[in-house]
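This briefing is for a reader meeting the structure for the first time.

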Amino acid sequence: MVATDVIVPSAVQVEDDRTGLSVETLRRALADHLFYEQGKSPAIASQNDYYMALAYTVRDRLLQNWLASVQTCLQPQVKVVAYLSAEFLEGPHLGSNLINLGLYDLVQQAVTQSGLNLEVLLAQEEEPGLGNGGLGRLAACYMDALATLEIPAIGYGIRYEFGIFDQEIRDGWQVEITDKWLQFGNPWEFPRPEEAVLVNFGGHTEPFTDDQGRYRVRWVSDKVVKGIPYDTPILGYRVNTANTLRLWKAEAPESFDFNAFNVGNYYGAVDQKVVSENLTKVLYPNDEPLQGKQLRLEQQYFFVSCALQDMIRLHLANGGSLEQFHEKFAVQLNDTHPAISIAELMRLLVDEHRLDWDQAWEITQKTFAYTNHTLLPEALEKWSLGLFAYLLPRHLEIIYEINQRFLDVVRLRYPDDPTKLSCLSLIDEGDEKYIRMAHLACVGSHRINGVAALHSELLKQTVLKEFHELWPTKITNVTNGVTPRRWMVLSNPQLADLITHKIGDRWITHLEELQQLEPYIDDPEFCQTWRQVKASNKERLAQRILKFTGIEVDPASMFDIQVKRIHEYKRQHLNVLHIITLYNRIKHSPHQDIVPRTFIFGGKAAPGYGMAKLIIKLITAVGEVVNHDPDVWGRLKVVFLPDYNVTNSQPVYPAADLSEQISTAGKEASGTGNMKFSLNGALTIGTLDGANVEIREVVGAENFFQFGLTAEAVAQLKVQGYDPKAYRDRNSELAEALSRIESGFFSHGNGDLFRPLTDGMLNHDPYLLLADYQAYLDAQAQVSQAYQNPEAWTRMSILNTARTGQFSADRAIREYAEQIWQVQPVPVKLNGYVQADAGLTVES
């Protein structure tokens with residue numbers, strides 16, 4: 001026998017199909033999930049089945065991060081941020097998780113080699129419509145930033161069965177369609193029924209003396225609802241941290257009554273199930289009727305009670321004491337919706353856990369911080385005392401006690417000024433008494449912040465003026481920010497690649513490094529590539545517009561875009577007046593030279609907000625005329641993109657040439673759409689409102705088209721007496737534009753259709769459209785002139801991107817962490833996959 005050399009192989013790296021990252025392993029995992037999770041073979045699988053299989057494949061690869069992050073949060077010395085928000089507009093998860101895991105390209109290869117199309121699969125995901133707009137999207141950006149910065153956090157909210165409505169446009173009108181985002185299942189969430197809590201409503205209170213002789217109050221409720229948590233991992237970018245978004249669903253403690261069923265009362269057998277589950281059925285019920293107001297208050301109390309009970313349970317289960325609760329959790333109230341949590345924490349500490357009042361109040365104030373998002377007094381929530389007493393009788397007593405003690409402090413501070421008591425009181429003592437939820441949030445929090453520099457200053461001067469005078473250091477500013485992972489890397493991959501090619505990829509987590517792009521404004525090759533990227537994005541949006549509206553637009557025209565919630569103060573109808581003015585000019589002089597523009601609108605009107613819905617109808621009606629008039633062809637197009645949401649917005653921001661940020665100065669708290677546009681290279685036409693002020697400061701006045709009255713000038717004009725008709729009478733183009741609408745020219749001869757809008761502008765005009773009209777036209781003329789010089793426009797576009805790095809959600813979260821929460825990043829440690837340790841071993 002001839003001896004031969006034996007080759008001893010080196011150690012073979014074994015990949016687990018659940019965590020492996022090679023293309024081959026990903027393909028196997030995809031096939032396994034299709035078979036074992038969906039129960040389908042390729043012969044009968046739908047595109048949704050393939051999406052679900054891919055989602056489970058990706059989810060597997062973040063679970064180790066998530067479970068390790070949960071363990072990190074439970075460590076006694078780790079302080080956790082609890083972000084309470086009635087809205088979380090997360091957007092689709094699959095694309096975001098691929099970006100944050102660094103798997104996008106590998107998964108694309110695996111999907112392609114499997115005979116599938118990743119773009120098609122991404123489009124299958126139903127977007128969770130768990131928010132109305134900016135508030136919920138901000139919460140989502142902040143969850144992304146918290147995880148990316150490795151700050152332990154839990155987001156608490158509501159798992160609405162039906163989110164914000166899907167919007168269709170029929171005959172130019174908004175039609176609301178039920179958002180069935182859960183109809184095909186949600187692969188990203190984990191139900192945790194074993195961690196359910198009970199939430200009480202109604203009934204009465206009973207005073208008693210405890211075994212130590214102390215006065216106590218017992219709440220005897222007449223309705224109990226069970227809160228079931230559903231957890232979604234929120235992954236950070238290229239880090240091990242994956243925080244938890246915990247959303248609560250309402251159920252009945254007993255969902256089926258056998259006794260009722262057995263006597264033939266079949267509806268009664270499930271009555272409690274139906275009533276309880278209605279609580280989390282829909283985002284923001286119509287709160288015009290009393291039943292709607294009641295349901296909305298029930299929703300708010302339900303989720304904050306669930307959240308606080310959950311936090312206390314976690315804290316005590318891991319050896320904590322309630323005296324140190326504020327050292328374990330920093331709770332941020334995202335607007336006034338969760339403000340009832342202040343009274344609820346007091347109830348839990350005093351009634352359930354027997355702490356004395358002063359100690360409980362100190363813990364409560366040290367726990368909470370409050371973000372204010374509005375300068376509109378009508379948007380600061382108030383609840384009638386009658387409704388509060390009916391639903392939450394114990395909380396009403398607690399609020400009375402908080403108010404009495406607070407007003408005692410006010411009396412000492414202002415002994416000779418009784419008006420301060422009525423201004424600061426938690427109770428509005430008008431004809432009908434109300435609880436002022438913003439006041440409760442201010443009194444019960446250790447910090448209050450606005451969301452833009454101007455907004456925070458106006459808070460101190462207007463709606464929270466008395467609180468600022470009482471506590472001069474309590475109100476601070478944290479300007480909003482957006483996550484570049486979704487709004488640049490995922491939404492605008494060509495631009496992200498171009499930037500990374502020039503300055504590396506560190507900008508994705510340190511957005512201020514975009515300033516390194518500035519020297520390239522004089523690089524012809526870079527500028528040409530920048531224009532090509534914008535042109536490609538415009539072509540992509542043009543195709544989408546054709547698909548969803550049937551309107552063909554020219555990608556070579558200026559894309560002039562206004563996408564946001566439809567509201568009178570956001571002044572979409574001022575934009576329409578400009579379009580009508582351009583149209584009139586063309587009709588008078590058909591051969592005059594006008595820079596071709598495509599005006600793109602998007603946004604939803606609240607179902608009960610008739611004027612906003614009429615604005616949508618006006619936009620579509622003007623578009624119907626303009627788009628079909630041969631005199632205008634090739635120069636003006638008007639588009640209303642239906643169902644504006646996170647998914648549909650992602651192609652919009654990269655394609656914009658001009659960003660319309662034209663709200664009345666002093667009305668917009670901050671805005672985040674303005675930031676997304678600027679970061680993607682759009683130039684802004686805007687008022688000095690919200691974060692526009694700071695955007696203009698950083699990009700330079702020469703790269704921003706400012707117009708309109710300032711907030712101070714708006715206030716002064718209203719004091720002096722504002723006569724909108726006088727502006728109409730001395731401006732022939734404005735008069736003609738209004739006349740076009742009033743005559744029925746855009747409404748098939750029906751002069752009454754838009755009468756509420758035109759009468760409102762001429763007789764009241766609370767948002768000063770007519771006062772700002774001419775300044776807006778002048779600024780738009782500057783836009784047209786600038787757009788005719790592509791090289792100069794490109795330089796301005798690059799500078800907008802390069803100089804707006806401070807509007808990152810990461811920067812905002814760092815400021816919250818340092819100034820308000822006093823929390824530190826805690827890196828999460830992972831153990832690598834070892835095949836020998838893969839089996840289950842339970843330690844006794």
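In what order do the six strands of the open sheet stand, and is the pairing parallel or antiparallel? The order is β20-β19-β18-β21-β22-β23, and the pairing is parallel. The model is a predicted one, and the points below are grouped by topic.

**The six-stranded sheet**

- The edge positions belong to β20 (636-641) and β23 (705-706); each has a single partner strand, so one side of each is left without a neighbour in the sheet.
- Within this sheet, six bridges hold strand β18 (residues 558-563) and strand β19 (residues 597-602) in a parallel pair.

**The three-stranded sheet**

- Another open sheet has three strands in the order β13-β15-β14, paired antiparallel.
- Its edges are β13 (382-384) and β14 (427-428), each with a single partner strand, so one side of each is left without a neighbour in the sheet.
- β13 and strand β15 (residues 434-436) run antiparallel and are joined by three bridges; Lys-382 stands opposite Arg-436 in β15.
- Helix α17 (residues 437-444) lies across β13 and β15, and runs at about 40° to β15.

- Six of the six residues of strand β11 (residues 329-334) are buried, so the strand is largely enclosed by the rest of the structure.
- Phe-329, Val-331 and Leu-333 point one way from β11, while Ala-330, Gln-332 and Asn-334 point the other way; all are buried.
- Strand β1 (residues 80-84) runs parallel to β11 and is joined to it by five bridges, with Val-80 opposite Phe-329.
- Strand β12 (residues 368-371) also runs parallel to β11, through four bridges, and Ala-369 in β12 is the bridge partner of Gln-332.

**Helix α2**

- How far apart are the end C-alpha atoms of helix α2 (residues 47-74), and what span should its 28 residues give? At 1.5 Å a residue the helix should span 40 Å, and the end C-alpha atoms are 39 Å apart, which agrees.
- α2 bends by about 40° at Leu-62.
- Of the 28 residues of α2, 22 are buried, so the helix is largely enclosed by the rest of the structure.

**Nonpolar cores**

- In soluble globular proteins, nonpolar side chains tend to be buried together.
- The largest nonpolar core here has 239 residues, and those with the most contacts inside it are Phe-302, Met-311, Phe-388, Trp-507 and Trp-821.
- Helix α10 (residues 290-317) gives the most to this core, with 11 residues.
- Leaving aside residues up to four places away in sequence, Trp-821 touches Lys-79, Val-81, Leu-146, Ala-330, Gln-332, Ile-813 and Tyr-816.
- A second, separate core has 23 residues, including Leu-30, Leu-34, Val-58 and Val-107.

**Residues with positive phi**

- Glu-150 is not a glycine, yet its phi is positive, near 65°. Glu-150 lies in the loop between α6 (134-148) and β2 (153-158).
- Asp-643, also not a glycine, has a positive phi of about 55°. Asp-643 is found in the loop between β20 and α25 (646-649).
- Is Asp-643 buried or exposed? Asp-643 has a relative accessible area of 16%; buried means under 20%, so Asp-643 is buried.

Key
Residues numbered from 1 in each chain as written. Predicted model: local features only at pLDDT ≥ 70, side-chain atom pairs only at ≥ 80, totals over all residues. Heavy atoms only, no water. Helix = DSSP H or I, 4+ residues; strand = E, 2+ residues; numbered from the N terminus. Expected span 1.5 Å × (residues − 1). Bend = angle between axes of the 7 residues up to and from the residue. Buried < 20%, exposed > 50% of the residue type's maximum accessible area, 1.4 Å probe, protein only. Core = buried A, V, L, I, M, F, W, Y, C linked by side-chain atoms within 4.5 Å. Contact = heavy atoms within 4.5 Å. Pairing = 2+ DSSP bridges. Axes fitted to C-alpha atoms, helices over the stretch in contact; angles between N-to-C directions.
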